Amino acid sequence: MTDAGWVKAEPGGDGQAWQFGGAWTLAHANALDDATTALKPGAGAVTLDLSALEMLDTAGAWLIMRTAERAGAGGAKVGWIEPPAALLPLFKRVLEAGPEPVEEPARRVLFLDWLADVGAA
């Protein structure tokens, strides 16, 4: 049986290196969610090293992708070391799927909004 997934954060060249390994699967998702939420990127670069992954399913790939998105949203420049060749197609598929863009709802102009705009003019 493959070991549960893990992640190690270490200082890297101009930022941090986060190495992911073991089984990143739905069976371990709660623990892996806690582990990825605890990662705190700095202002520099973050390299996600997936070379030690042994198993991966869509839940695990999504957790890793979400971790990268959080690091990027925090201002870190995100780099990748790809997973083993057998896991790469699934990982790329989840990475490409990404979240659906959220459309902003059209603003309704109510009579009172219009009247306020007229009064302000």
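Leu-32 lies in helix α1, where helices (H or I, at least four residues) and strands (E, at least two) are DSSP runs numbered from the N terminus. The model is a predicted one, in which local features need pLDDT of at least 70 and side-chain atom pairs count only at pLDDT 80 or more, whereas totals for chains, interfaces and linings use all residues. Residues are numbered from 1 along each chain as its sequence is written, and side-chain values use heavy atoms, with hydrogens and water left out.

With a relative accessible area of 2%, Leu-32 is buried; the term buried denotes under 20% relative accessible area, exposed over 50%, and partly exposed the range in between (1.4 Å probe, protein chains only). Leaving aside neighbours within four places in sequence, Leu-32 is in contact with Gly-5, Trp-6, Ala-23, Trp-24, Thr-25 and Leu-63, contact meaning heavy atoms within 4.5 Å. Glu-10 is 22 residues from Leu-32 in sequence, and the C-alpha to C-alpha separation of the two is 17 Å.

Helix α1 spans residues 29-37, and its buried residues are Ala-29, Leu-32 and Thr-36. They lie on the same side of α1 because they cover an arc of only 65° around the axis, the arc being that of the directions from the helix axis to the C-beta atoms. The cover over these buried residues includes β1 (6-11), β2 (15-24) and α2 (58-73). On the face of α1 turned away from the buried side are the exposed residues Asn-30, Ala-31 and Asp-34.

**Nonpolar core**

A nonpolar core is a set of buried Ala, Val, Leu, Ile, Met, Phe, Trp, Tyr and Cys residues joined through side-chain atoms within 4.5 Å. The largest one has 22 residues, of which Trp-18, Phe-20, Trp-24, Leu-48, Leu-53, Leu-56 and Ile-64 touch the most other members. At least two residues of this core come from each of β2, α1, β3, α2 and α3 (88-97). Helix α2 gives the most, with six residues.

**Charged side chains**

Two salt bridges are found in a search of the whole structure, a salt bridge being a side-chain nitrogen of Lys or Arg within 4 Å of a carboxyl oxygen of Asp or Glu.

| Salt bridge | Distance, N to O |
|---|---|
| Arg-66 and Asp-33 | 2.3 Å |
| Lys-92 and Glu-82 | 3.8 Å |

The pair of Arg-66 in helix α2 and Asp-33 in helix α1 links distant parts of the chain, 33 residues apart. Arg-66 counts as buried because its relative accessibility is 13%, while Asp-33, at 25%, counts as partly exposed. In the other pair, Lys-92 lies in helix α3 and Glu-82 in the loop between β4 (77-81) and α3, so parts that are 10 residues apart in sequence are tied together. Lys-92 is partly exposed at 39% relative accessibility, and Glu-82 is partly exposed at 44%.

Asp-49 is found in strand β3 (residues 45-56). Although buried, Asp-49 has no salt bridge, and the nearest side chain of opposite charge, Lys-8, is 10 Å away; Lys and Arg count as positive and Asp and Glu as negative, with His and the chain ends not counted. The side chains of Asp-49 and Ser-51 are joined by a polar contact of 2.6 Å, that is, a pair of N or O atoms within 3.5 Å; within protein, one must be able to donate a hydrogen and the other to accept it, and residues adjacent in sequence count only if both atoms are side-chain atoms. Not counting residues up to four places away in sequence, Asp-49 touches Trp-18, Gln-19, Phe-20 and Ile-81.
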